[in-house]
Amino acid sequence: MPVLIVGGGPTGLCLAIDLGRRGVECLLVEEREEVSLAGRKANGCSVRSFEHFRRWGIADRLRRVAPLPADYSDDVVFLTRMTGHLLAEFRGAKHGIGRSDLFAENFQRIPQAVVERELRAVLTELPTVRTWYGWSFEDLQQDEDGVRALIRDTAGRESRWISCSYLVGCEGSKGGVRDAAGIGLTDERVLSANANITFRSPELADLHDKGRAAHYWIVNPDVTGLLSPRDLTGTWTFMATYLPGDGHADARALIRHAVGRDFAFEVGAWGPWWANTHLAERHRRGRVFLAGDTVHVHPPSGGHGMNQGVQDAADLGWKLAGVLHGWAGPALLDSYEAERRPVNQAVIASAVNNWTTCGPAFVRPGIEEDPAVRHGLREEILREKRKQFDALGLILGYRYENSPVIAYDGPPAPPLEITRYVPTSRPGHRAPHAWLADGSSLFDHFGPGFTLLRTGGPGGAPGTGTMLRSARERGIPLRLLDLEHEAPVHAAYGAGFALVRPDQHIAWRGTAPPGDPGVLLDVVRGAAPVEVLA
C-alpha cells in the first residue's frame, strides 16, 4: 500500500481525496463507523479551504448540503444578551457573500460533520482509495524501506499489520501515530474550561431584534459565549466560554442567561471541553507524517482548526504523489515541515490572542444598565476583535519561506498582516486570483500538476518549449497557460512568467523563461539544492 492514512476527519479525508484524484492508492482507517453531529466541531470553511474544494471539483456539492444557504448572513454581532443591548457589529466579516477579485470561492457556514459525511461520499467515487471505518491505530514500525502499522477493529475481534510506503497520522489531538513515532509536543497550555450545547428552538429567531447573523457573541456577568444558528429550522449551538471548574454547568441556565428571558427550547447534545494549545515537535519522522490536529491544536477563536487541516492536506498530497509517481526528489517531502510549521505557528499565536480577548475580557460593571459603558466598549471590541473576524491576511496572505523547493527572488517578504491581504506573485505566496474575460476563475485553468503561466514579456515560444521538454524528460506534469491578453491577470502578475505549483503557490517567477529550465525544475521537484539558482 503506497499510503496509509490514519484518521478520517476532514484532514484525512481531504488528503485521501487529493491522493485519489492523482491516482495514488491509499487506505484510510477511521475508528468511527458513523459521523455524529454531537460534540465540539467546526462550523465553517474559509475561502481558502473552498478554493481547494473547487480544485477537487466538490465545492458546489458541499454548498448544496450545507444547512444554511450560501447567502445567509456572515455578520458577527456582540450583545449583552439576545434580548438585551447591542455592543458592536462586524458586517461581512467572514467573506461569505458577494464575488471578490481576491478569491475564487466564498466562505461557507457548514458544520464539520456535514463536511465529513460529504467527503466520505466523495471517496467512494475514487477507485484508488479504500476506506475502513471501525478500525483504530495501535502501533507502528518503520525502516528506510517502509512502515508497518498495527490496526484493530473497534469491536476487538481482529487486528492486522498493514505495510505501506508512507503513513500519515490525521487522527486528531489524541495523536496515537504521533506518540508511536516518538514525536513529542511543545507549547502545551490549557486556557479555559468551556461547554458546547446544541438545542432546538424554532421561536428563538423571532424573540430578538438583532437581525440575522452568523454569530452572536454574548457578553454579560452571568455568562459569555457564542450563540450560532445551525440551520433554518431552529437548531442552535451555544459555546459557553471560561466556565468555572471543569466546565460542567446547568445547560438550560446557561442558555437562558444568553438569551435573557425564559422561552421554549429542547437541549440536545452538550458537554464540557478545554480550550488548549499544542504544537508537535516536528511534522515528520522518517516515513511517518503528521497533519491537522495531530500536529497543531489551538482554541477555535478565528475558525482556523479544520481549515488548517485542509491546508496541511493540500500541501502534503501532491508531494507524496510526486515521490510515488517517481518524478520528485527527497527534498520535496522535506519541504512539508519547512512550509507548514511556520504557518501553523502563526495561526496558533493568532488563535490564542483571539481567545484571550473573548467575552470575559469585555464584561464591565454596568454593562447592562449604563449606555455610556456600552458605548465605550464598542470601539474596544471593534479594535480588539477585528483580527479574529477580518483575518483575510492570515487566510490568504500566508506564505512559505525557507522552503527547499521554491526559487526565491528579491528581498524577504514583508511581515504577515492578519487583517490586510495584498496579492503578490512573489515565490512562496499563494498565486494571485483573477476573473477572466469569460467569467471563469484563473484557478480553474491551472493544471493538476505545475502550470507555467505566461502573462507577456520577451522570449515566449522558444523558451517555454524548452521548459516543457525538460519537464517531460523528468516526468514532471507541467502545462503552459498563455494569458498575455487577459488584463486582470496581467495586472496581478505583470508581464512575464510564473511557475504555479499544484497547490496554487508560486514556485518561481521571471520576466523571461529560465536559461536552463532543467536547473529550475530540479529545484521545484526536490531533486537539487536551491542554492544552484543563486
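What volume does the largest cavity have? About 90 Å³.

This is a predicted model, so local features need pLDDT of at least 70 and side-chain atom pairs count only at pLDDT 80 or more, while totals for chains, interfaces and linings use all residues. Residues are numbered from 1 along each chain as its sequence is written, and side-chain values use heavy atoms, without hydrogens and water.

**Empty space**

Rolling a probe the size of a water molecule over the atoms shows where empty space is left. The search uses a 1 Å grid over the protein atoms alone. A cavity is a set of points where a 1.4 Å probe fits but cannot get out. A pocket is an open set with protein on both sides within 12 Å along at least five of seven lines. Lining residues have an atom within 4 Å of a point. Points are joined across faces, edges and corners, and a volume is the space filled by probe spheres set on them.

Three cavities of 30 Å³ or more are counted. The largest cavity is lined by S46, R48, H304, N307, Q308, Q311, V347, L394, I395 and Y398. Two elements, α7 (305-325) and α10 (392-396), each give two or more residues to this lining. The largest share, three residues, belongs to α7.

The second largest pocket has 15 lining residues. R21, R55, F446, G447 and P448 lie nearest its centre. Here α1 (10-21) and α2 (47-55) are the elements that give two or more residues. α2 gives the most, with three.

The table sets out volume and lining class. Ala, Val, Leu, Ile, Met, Phe, Trp, Tyr, Cys and Pro count as nonpolar, Asp, Glu, Lys and Arg as charged, and the others, Gly among them, as polar.

| Space | Volume | Lining residues by class |
|---|---|---|
| Largest cavity | about 90 Å³ | four nonpolar, five polar, one charged |
| Second largest pocket | about 290 Å³ | six nonpolar, two polar, seven charged |

**The sheet**

Helices (H or I, at least four residues) and strands (E, at least two) are DSSP runs, numbered from the N terminus. Two strands pair if DSSP finds at least two bridges between them.

Six strands form an open, mixed sheet in the order β5-β2-β1-β9-β16-β15. Its edge strands, β5 (129-133) and β15 (284-285), each pair on one side only. Strands β1 (residues 3-6) and β2 (residues 26-30) run parallel, joined by four bridges. V3 stands opposite C26 in β2.

Helix α4 (residues 112-123) packs on the sheet and touches β2 and β5. Contact means heavy atoms within 4.5 Å. The direction of α4 makes about 130 degrees with that of β5. Axes are lines fitted to C-alpha atoms, for helices over the stretch in contact, and angles run from 0 to 180 degrees between N-to-C directions.
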